[in-house]
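The sequence and structure are shown here.

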Amino acid sequence: MGKGRIRAKLRRSNLYTFACIRPHFPETEEQFEGPGYSRLIYCNEPSRHETKPVKYCSNYISTTKYNFITFLPKAIFEQFRRVANLYFLLTAILSLTDVAPFSAVSMIAPLAFVVGLSMAKEALEDWRRFIQDMKVNMRKAVVHKGNGVFSHKPWMKIRVGDVVKVEKDKFFPADLLLLSSSYEDGICYVETMNLDGETNLKVKRALEATLSLDDDESFKDFTGKIKCEDPNPSLYTFVGNLEYDSQIHPLDPSQVLLRDSKLRNTAYIYGVVIFTGHDSKVMQNATKSPSKRSNIEKQMDKIIYILFSLLVLISLISSLGFAVKTQFQMPDWWYLQPYVDSKLYDPNRPALSGLFHLVTALILYGYLIPISLYVSIEVVKVLQAMFINQDIYMYDEETGTPAQARTSNLNEELGQVDTILSDKTGTLTCNQMDFLKCSISGTAYGTRSSEVELAAARQMAIDLDGNDSELSYRSGGGVPEIELETVVTSKDERDQKPPIKGFSFQDTRLMNGSWLKEPNSDVLLLFFRILAICHTAIPEENEETGGFTYEAESPDEGAFLVAAREFGFEFCKRTQSSIFVRERYPSSEEPIEREYKILNLLDFTSKRKRMSVIVRDGDGQIFLLCKGADSIIFDRLSKNGKVFLEATTKHLNDYGEAGLRTLALSYRKLQEEEYSAWNNEFLKAKTSIGGDREAMLEKVSDMIERDLILVGATAVEDKLQKGVPQCIDKLAQAGLKIWVLTGDKMETAINIGFACSLLRQGMKQIFIKTATDMEAQDSKENLLLFMPHQAVKENIALQITNASQMIKLEKDPHAAFALIIDGKTLTYALEDDLKHQFLNLAVDCASVICCRVSPKQKALVTRLVKEGTGKTTLAIGDGANDVGMIQEADIGVGISGVEGMQAVMASDFAIAQFRFLERLLVVHGHWCYKRIAQMICYFFYKNIAFGLTIFYFEAFTGFSGQSVYDDWYMLLFNVVLTSLPVISLGVFEQDVSSEICLQFPALYQQGPRNLFFDWYRIFGWMGNGLYSSLVIFFLNIIIFYDQAFRDEGQTADMSAVGTTMFTCIIWAVNCQIALTMSHFTWIQHLLIWGSVATWYLFLFLYGMMPPIYSGNAFHLLVEVLAPAPIYWCTTLLVTLTCNLPYLSHLSFQRCFHPMDHHIIQEIKYYKKDVEDRYMWTRERSKARQETKIGITARVDAKIRQLKGRLTKKYSTIGSPLQ
């Protein structure tokens, strides 16, 4: 704690102009009552909250679907929401009656097995969620337990009214009211990146009345009473008051510390708990864990309905036929009548007999509905999830984190995604800034290339080499007409120093004092001093190394200070009124420590977009040093301050194209008299009381921030997570649309848009905003005070209409539009009468960026895209602020990063890096979709082929309810003899390898276009099953009807015909699945041909059993079927006849209408990818969806630009480019 108390000597509020000034308002009681403002909290007396009306929820949080009480009813409901399971439940109940053709056990046991297995899987997945919840709930917090003694307590045990002590870099366990901090004026820094995506630290301040509560002992007798608003999801508002020491103090959001935000740059704080658990604002923004079902599963239900309709139809036909037979023919068939009177066979009441037979038929033909389909799919999905979890290419070595399929229900949805909605901070970026380039006095410095430049250069080299070789070299000359920008790296890689965090700059002209040799060394000196002085950071000395680390409000500021240190200007100390900088020069061995007295600091706000500091140097001269957005700084330059404007502007455009974040640096020298007069005005504004104080401060600040002289500009790289631009490019080539939803400010979001190639130079940006003035866009003032709600809404509607019209009228086929909108505007755009217009505009744009959005808005936008387009959405994020959209999307993906686990706990899939999304979708998504689709189609095919033969035979035998197959055959058909091959299809099938999936991303579009599970294909497989059933039944009946079967001339009996028919089915369906597969391993061969062998083995062993068990199958294979050549010939003939149409269809399609993967398979089979690289490259370039975002789109635009220049060049000299 000693370190914290030393730092406490600095009053942080003196650093701030706007945010932290505390004017002395008269203490008046703020009265608010009524609905929404009923919460009463007794500080330091949590025991008073154990009874109503002030009993509040615990701090325990849960993201599970079930609990111990609700599991059984909810899980059973989930299972019987499936139509097939509901049908089998009905048949299981009916099997207890006399009308059942099978025993009750044979009907109930499979259903119990299928439902039990599925419920066990659900329980296991929910148990994992519970374990992760408990990791959060069992985190330790330091809580006051009485008499000034604090002790550790799990988060879940914290109660409303508890006093909590939170130390640096710890998360707040609940929503707290800040009482005091390690700084004497109660200031603390809070990182809310986990809530709103903001990377800048927020400054919070305690009430002056509670500042004395700054150590453990002071809470011995502390009591107070808080009246405040009820729990609500608004992160940015809070209304309440604190009654303490017989006085009432108004509270506002600047005193509230939200759960899951983190304490930074502050040794510790004390706070009292206001909201706990699901009452906290972050949990109020969360939605309940939804029950998600894939589109394929929903469509599968429709197929079940169709098959059920078919089942009812043939059952009605069967019962009608039975009633007719019973009435007209049963009296003559005296030898078939039952021994006792039975309503089941009553010639006098044929309608009743027919009704009973209807129930019998519904059970008998139940094999049309595949009971094992669901359990087979469950098994397949679990195995697919295991492969996803064990994919070494999605394993993050740095953190040791593998990919995790937290639910396996949605594997196939990964292959049908249309739109990705992504968070920015922590998902696309690492929230780490690196100083990369700068422009000083009109000269560009910094030779390293950004990640965007490197990726674009690589892509351009590939494209030019593959497609535009005719442009690269003119005939007769070897000099390239189009040269790539040189990507400069270190001249000698061996001389590279270890990387410095925050500093990737490389240019010998500025390093090691070499800047003194540059032409404008005085301007360079000023540039470095602005970096070292114009900030609000605090230095902390590392006692081991003697160096300094900086605790800054934003990563940008930290990067500037690291850069200043590396250039020789080390910020080393800050006091109440001064900044100390150690300046190193080649001429002196020891650094010179200079003191700069801080006279005023005009801090950065999103409205001002600039920050200034007024300092007095050692010579007594007064300087205003200013850094800010280039558009703001350029407007404030004096006439003689624009010397470097043109060159700097060009450099800034280049930096923007390279995806870098830029700021302009400027200064102004002030005269003593001018400063004194201004400072008097400033102090008047600063100490004024009233609602217009901030406006007055801004006006006075604006007066001095004029007539600036431009020094230069900085370019920092917001470090994207590894591989993000390439991943976005690949996803765009796969035809996916990408939206970015971030809580960060608009400028930051746009910079990241450029960095990851969602935006590029030349793309037309559409800004939808609530006011024409961009400054008003980011203003904290409520525009509703000046403009009626309806008028604002109409203005936004007009902007949306105009933007849509502009896109429609655009004639350039290569034109790309980007839509950028902020949270305030989004509030209106998401209203019922505007949201569809907004969605239509957004869908027409190449990329969409929503900034300053709340967690609730993220979820609402996701819902709008999901329901408005009717297509599959995927949301990806890493923080608690992303939970809403992750749960709302069809598929939620959590990034298991450093910031908490809330997103992961709410997600369906978890990955360690955004770049793994490429493989998750393009490889695993593509495979899983095709596997599940083919597997389901095949399942229906085999069950129709098998089930209809039972119907044909019953019709053939006078609708008697007799089955041609032994009961054991029917039980083993789905469970053993055909189940394993279909599981191998669902687990191991690959139309192309993973490398090919990534090289040909357009293959992914087979999923969103639903090519393998559309009604055409489904009915095709059903037709194939109908054809096979007809062939199997009638060919067998024709062959065996009156044909001598044995040596003695006997014809075949029912057991011989039924067994031969079943043998034909086993061969036909297993050969069919072999034809369906594209990729074989020894496992598939073993399971397919092993299933056929298992049938013969079973028949042999079953026949060996005594007749009391085997019945008519006694020695059937050995003595009856095997010696008869007709048995083997029939099996061969029927199998070939059944599979011939599918084989013909496959051959015709591959020859005349091949699909993309057919062509690739053929190329790979004939090894053309090795022998003919040009053809392979051409096919790869064709296998990219036309896209307007990503590195490829950026490169295509650059190539078009270069072609245009080249064409223009040759047209002017009279030699047009051919």
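The sections below take up cavities, aromatic pairs, charges over rings, strand pairing and one loop glycine. The model is predicted.

**Cavities**

Five cavities of 30 Å³ or more are present in the structure. Sorted by class, the lining of the largest cavity has ten charged residues, four polar and one nonpolar. Two helices, H2 (71–80) and H4 (104–137), each supply at least two of the lining residues. H4 gives the largest share, with three residues.

**Aromatic pairs**

There are 53 aromatic pairs in the structure. One of them joins Trp127 and Phe130: the ring centres are 5.2 Å apart and the planes are at 35°, so the pair is tilted. Both residues lie in helix H4, three residues apart, or about one turn of the helix. Trp127 is partly exposed, with a relative accessible area of 45%. Phe130 is also partly exposed, at 24% relative accessible area.

A second pair is formed by Phe623 and Tyr667, whose ring centres are 6.4 Å apart with planes at 45°, so this pair is tilted. Phe623 belongs to strand E24 (residues 622–628) and Tyr667 to strand E25 (residues 661–670), so the pair ties together parts that are 44 residues apart in sequence. Phe623 and Tyr667 are both buried.

Ring pairs also link a cluster of residues, among them Phe435, Phe503, Trp515, Phe560 and Tyr585. Other members of the cluster include Phe505, Phe527 and Phe569.

**Charges over rings**

| Charged residue | Ring | Distance to ring centre |
|---|---|---|
| Arg39 | Tyr56 | 3.9 Å |
| Lys165 | Tyr268 | 5.1 Å |

In the Arg39 case, the charged end of the side chain sits over the ring of Tyr56. Lys165 lies over the face of Tyr268. Lys165 also has a bridge partner, Tyr270, in strand E13.

**Strand pairing**

Strand E2 (residues 140–146) pairs with strand E3 (residues 149–154) in the antiparallel sense, over six bridges. Within this pairing, Ala141 stands opposite Lys153 in E3. E2 and E3 form a hairpin with two residues between them, and Asn147 in the turn has a positive phi of about 60°.

E2 is also joined to E4 by two bridges, and these strands run antiparallel. Val143 has Val164 as its bridge partner in E4. E4 in turn is joined by five bridges to strand E13 (residues 268–275), again with the strands antiparallel. Is strand E4 (residues 163–167) enclosed or open? Four of its five residues are buried, so E4 is largely enclosed by the rest of the structure. As a general point, side chains in a regular strand alternate between the two faces of the sheet.

**A loop glycine**

Gly762 is placed in the loop between helix H19 (746–755) and strand E28 (764–768). Gly762 is exposed, with a relative accessible area of 71%. In sequence Gly762 and Ala815 are 53 residues apart, while their C-alpha atoms are 8.3 Å apart in space.

Definitions and conventions. Residues numbered from 1 in each chain as written. Predicted model: local features only at pLDDT ≥ 70, side-chain atom pairs only at ≥ 80, totals over all residues. Heavy atoms only, no water. 1 Å grid on protein atoms, 1.4 Å probe; cavity = no way out; pocket = protein on both sides within 12 Å on 5 of 7 lines; lining within 4 Å. Points joined across faces, edges and corners; volume = space filled by probe spheres on them. Nonpolar A, V, L, I, M, F, W, Y, C, P; charged D, E, K, R; others polar. Phe/Tyr/Trp six-rings, centres within 6.5 Å; stacked < 30°, edge-to-face > 60°. Buried < 20%, exposed > 50% of the residue type's maximum accessible area, 1.4 Å probe, protein only. Lys NZ or Arg CZ within 6 Å of the ring centre and 35° of its normal. Pairing = 2+ DSSP bridges.
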